[in-house]
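Please read this short report alongside the sequence and the 3D view. It goes from the domains to the sheet, then to the helices and the ligand.

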Amino acid sequence: MADLALRHKRMGAAIETAVLEQLRSGRYVGGPTVEEAQRQLAKHFGWGFGVGVNSGTDALIYALLALDLPPGSEVIVPAVTFFATAGAVLRAGLVPVVADVRSDLPLLDPRRLPIRAATRAVIAVHLYGEECPLPGIDLPVVDDSAQCAGADPQPRTGQIAAVSFYPTKTLGAAGDGGMVFTDQAAVAERLRRLSHHGMSTPYLHDRVGSQVGANSRLDALQAAVLLAQLPDLPARVTARRRHAQIYDVELPCWVRRLPRSPGHPVHQYVVRVPSRDRLREKLAEAGIETAIYYPIPLSRQPALTGLPHAETPCADAFCAESLAVPVHEGLTGQELERVVATFRSFSL
Ligand SMILES: Cc1ncc(COP(=O)(O)O)c(C=O)c1O
């Protein structure tokens, strides 16, 4: 599903030079490389300011803390997403309320949001890089843009966005990393203070709104890795789009494709298929790795038991039938052909 060693081999010299320079500089936390990464990544993701944090999960937590919602406020999350979307809500002292997804795409359905008296925000997850529009919504929205690197235009529904640079992302660090984006200088400043122990001047620790700060930073080595990789991002997305187009045309007609908008970055290529688990075994026998994003909807996650949630029939159906096939930029023509041929030889 990803070949990070191959990616490194293609990019090796640029990344190794950047990391060595950073090591030799003696600046490992903060400093000019982190600032440059925040500037360039904010530009790439289409926002005014970026604040680097430890991971995409932390980016969600700090985005929520910056909203400074009253404790116990409810935040709507989609049933189909990585657990971090809901986990971050709980870690921020808030209550995730899981909503069902659309029948055509695993995205929040704006007509069926479980808005209740305690609802204070929504997390719009742009899953696989497909924008989750929420027209007419009158609540703060956090964009979970963890899977959106390379989208053009960037999906954007809210006022603040969280991005992950987990290594398997199309733009990935060599370890954990994340960033929060905003257009407001004052919000960026809140985020900076929240992620630096609420420090306003050295060793003076204030609350940020009602929140206590902690430590979450994108370290300078990861910032150097990201800056070195950024020029390669358009080529990665172009290759992924080309691979997706081949699958669109070549996979058999019983494979249900997901609609994709023109600027989609193809973080994943996901289809819906009958007999999914049997097909997956057949692909594995042919040496083809696949994945399920995500096999269990949030409405059925043990960590969220007892919390309010909507019925999630569309999410249940999606999780039972969806399959992600390899689409990364390192695939060869022969590998793509093998995927297509294995699908074609499968009897339903
Ligand atoms: C949709 C979504 N949200 C949040 C995250 C969390 O990011 P991280 O793994 O960097 O903490 C991920 C990462 O996989 C993700 O895919």
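## Two domains

The protein chain is assigned domain 1 (4–231) and domain 2 (232–344); such bounds come from an automatic or database domain assignment. This is a predicted model: local features need pLDDT of at least 70, side-chain atom pairs count only at pLDDT 80 or more, and totals for chains, interfaces and linings use all residues. Residues are numbered from 1 along each chain as its sequence is written.

Taken over C-alpha atoms, the centres of domain 1 and domain 2 are 24 Å apart. Domain 1 puts 40 residues into the contact, and domain 2 puts in 34 residues. Two residues are in contact if their C-beta atoms, placed from the backbone, lie within 7 Å.

On the side of domain 1 that touches domain 2, α1 (4–25), α4 and β3 each supply at least two residues. Helices (H or I, at least four residues) and strands (E, at least two) are DSSP runs, numbered from the N terminus. β3 gives the most to this side, with five residues. The residues of this side divide into 25 nonpolar, eight polar and seven charged. Here Ala, Val, Leu, Ile, Met, Phe, Trp, Tyr, Cys and Pro count as nonpolar, Asp, Glu, Lys and Arg as charged, and the others, Gly among them, as polar.

## The sheet

Seven strands make an open, mixed sheet in the order β1-β7-β6-β5-β4-β2-β3. Two strands pair if DSSP finds at least two bridges between them. At the edges are β1 (49–53) and β3 (95–99), each pairing on one side only. Neighbouring strands are turned by 25° against each other on average, direction ignored.

Look at β6 (residues 160–164) and β7 (residues 178–182). They pair in the antiparallel sense over five bridges. Here V163 stands opposite M179 in β7.

## Helices across the sheet

Axes are lines fitted to C-alpha atoms, for helices over the stretch in contact, and angles run from 0 to 180 degrees between N-to-C directions.

| Helix | Strands it lies across | Angle |
|---|---|---|
| α3 | β1, β4 (119–125), β5 (141–144), β6 and β7 | about 165° to β6 |
| α5 (residues 185–194) | β1, β6 and β7 | about 10° to β1 |

## Around the ligand

Which residues come nearest to the ligand? Of the 15 residues around the ligand, they are S55, G56, T57, A146 and S164. A residue is near a molecule if its C-beta atom, placed from the backbone, lies within 6 Å of it. The elements giving two or more residues to this shell are α3 (56–67) and α4 (84–91). By class, the shell has five nonpolar, eight polar and two charged residues.
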